[in-house]
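User: I'd like to learn how to read helix packing in a protein model. Can you walk me through it?

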Amino acid sequence: MHLTWLRSDLRIDDNTALSAATERGPTIALWLVSPGQWQAHDDAACKVDFWLRNLRDLRQSLEGLNIPLLIRKIDTWDQAPQAVLEVCRQHQVASAHWNEEYGINEQRRDDATRALLEKSGIQAHSHLDQLFFRPGTILTRSGDYFQVFSQFKKTCLEHLHRSLPALAHRVKRQAPLHIPADPVPQHVDGFETPTRALREYWPAGEAEAQGRLSRFLDEAIDDYQLQRDLPAKPGTSQLSTYLAAGVISPRQCLHGALASNRGEFDSGSTGVQTWINELLWREFYKHILSGYPQVSRHRAFRAQTEALPWRDAPADLEAWEQGRTGFPIIDAAMRQLLDTGWMHNRLRMVVAMFLSKNLLIDWRKGERHFMRHLIDGDLAANNGGWQWSASTGTDAVPYFRIFNPISQSQRFDPQGHFIRHWLPELRGLDEKAIHLPVKSADLFANNSYHSPIVDLGSSRQRALEAFKSLPRRQDQRAIT
């Protein structure tokens with residue numbers, strides 16, 4: 001008997017660990033419910049619910065292959081090795097298989113599980129699955145992890161030109177094992193059930209993920225480069241939620257994109273090239289997570305930025321969290337997050353820079369708020385994006401480049417369609433006033449919208465002075 005331990009890989013097709021286990025012989029699948037760990041990681045309630053909904057779909061698919069799905073509950077990952085061992089002993093498992101994950105807690109969990117299983121005479125196999133390249137294999141000439149995305153991307157494309165990562169072998173139906181599958185919990189204590197509207201926005205299942213990929217490739221990818229920054233347009237794939245939970249793999253996305261572009265990386269559709277670029281950003285941040293583990297410990301990638309004089313401003317933070325800053329594009333984006341568990345990527349950068357620069361509030365407070373609400377919350381991507389915006393991270397935006405939320409709004413939501421959708425109190429404003437309602441006397445006479453909580457000019461200068469006061473940049477190799 002063999003076991004596949006499912007984590008962020010909730011699919012049948014192109015699942016490396018599942019494929020490897022079933023090729024060895026009869027296989028059972030295991031999922032661990034670990035609410036204490038999820039709370040420690042600030043995992044959103046809507047994300048946990050999404051996992052459970054996908055597990056129910058996956059359980060049916062596994063039953064069709066005669067692979068029983070077993071559910072075990074622990075509190076934190078410290079208990080994972082023993083839980084996996086007990087299942088292995090109960091079912092006389094000869095080898096256990098799982099797909100690699102890259103946070104520091106994930107790696108410690110997996111190392112401890114491997115050690116305990118091997119001590120007990122059970123083989124343990126980890127597999128490369130959620131990345132194109134294993135961290136540590138894409139390095140600079142001096143043998144270090146890349147810190148600049150453009151150089152990382154160039155090296156990745158050179159490798160991909162030579163050889164594409166192959167899809168895992170399809171899982172075949174096995175003979176019945178007469179081991180009953182466990183029911184998937186409807187909810188987990190400590191995590192509220194999200195609204196019906198949010199659930200309907202993110203249907204579960206591999207078929208849904210594959211359908212979204214197909215529609216994106218057929219209808220939107222060629223215009224992706226032009227449409228992806230416009231939050232009022234359906235110009236993005238909206239696959240991040242499915243990638244984060246592993247309902248679809250990055251290999252499937254890459255193969256699909258290339259197939260729609262006659263196999264070309266650097267010619268043909270600029271939309272395809274730009275989208276592959278986004279897949280490589282995702283790859284880059286997971287390599288950073290592995291190569292520079294301080295980012296898993298709530299520390300800045302650039303050590304000198306730990307000295308930034310962040311403001312303790314709970315009222316400003318709360319206004320930002322609840323979408324009442326007085327800047328419509330910021331408030332609309334934050335309300336989109338609260339209602340849907342998702343935010344448009346351009347707006348993630350805009351609101352992150354507003355919090356960390358204009359409000360000079362520690363980026364970690366924004367990162368945490370995002371993780372507590374994002375259905376696609378992913379440590380590597382979320383941390384990478386926040387540190388990029390705050391100018392504390394890898395390949396960081398220069399500290400003196402501070403997005404102006406008004407000009408960003410005018411540029412990327414020129415007619416105000418996105419703002420009107422999420423801020424119905426502003427629907428009556430014209431295309432000019434909607435980006436800065438403070439200039440609309442009639443609006444404020446009715447007290448129907450908030451005044452701006454900060455002056456953009458003086459707050460920008462405050463941020464510049466804070467960054468100028470920092471010590472010189474240090475070599476990241478000295479950080480442990």
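Analyst: Two packed helices are described by the angle between their axes and the distance between the axes. This is a predicted model, where local features need pLDDT of at least 70, side-chain atom pairs count only at pLDDT 80 or more, and totals for chains, interfaces and linings use all residues. Residues are numbered from 1 along each chain as its sequence is written, and side-chain values use heavy atoms, with hydrogens and water left out.

User: At what angle do the axes of α11 and α12 cross?

Analyst: Helices are DSSP runs (H or I, at least four residues), numbered from the N terminus. Here α11 (residues 250-259) and α12 cross at roughly 165°, and their axes come within 10 Å. Angles over 145 degrees count as roughly antiparallel, under 35 as roughly parallel, 65 to 115 as roughly perpendicular and the rest as oblique. So α11 and α12 are roughly antiparallel.

User: Which residues of α11 and α12 meet?

Analyst: Contact means heavy atoms within 4.5 Å. On the α11 side you'll find Pro250, Cys253, Leu254, Ala257 and Leu258; they meet Val272, Trp275, Ile276, Leu279 and Arg282 of α12. Sorted by class, that contact has nine nonpolar residues, no polar and one charged. Ala, Val, Leu, Ile, Met, Phe, Trp, Tyr, Cys and Pro count as nonpolar, Asp, Glu, Lys and Arg as charged, and the others, Gly among them, as polar.

User: And how does α6 sit against α12: roughly parallel or roughly perpendicular?

Analyst: The axes of α6 (residues 149-162) and α12 (residues 270-291) come within 10 Å and cross at roughly 110°. That makes α6 roughly perpendicular to α12. Among the residues of α6 in this contact are Phe149 and Lys153, while α12 brings residues including Trp281 and Glu283. This contact of α6 with α12 has eight nonpolar, two polar and two charged residues.

Definitions and conventions: Axes fitted to C-alpha atoms, helices over the stretch in contact; angles between N-to-C directions. Helix = DSSP H or I, 4+ residues; strand = E, 2+ residues; numbered from the N terminus.
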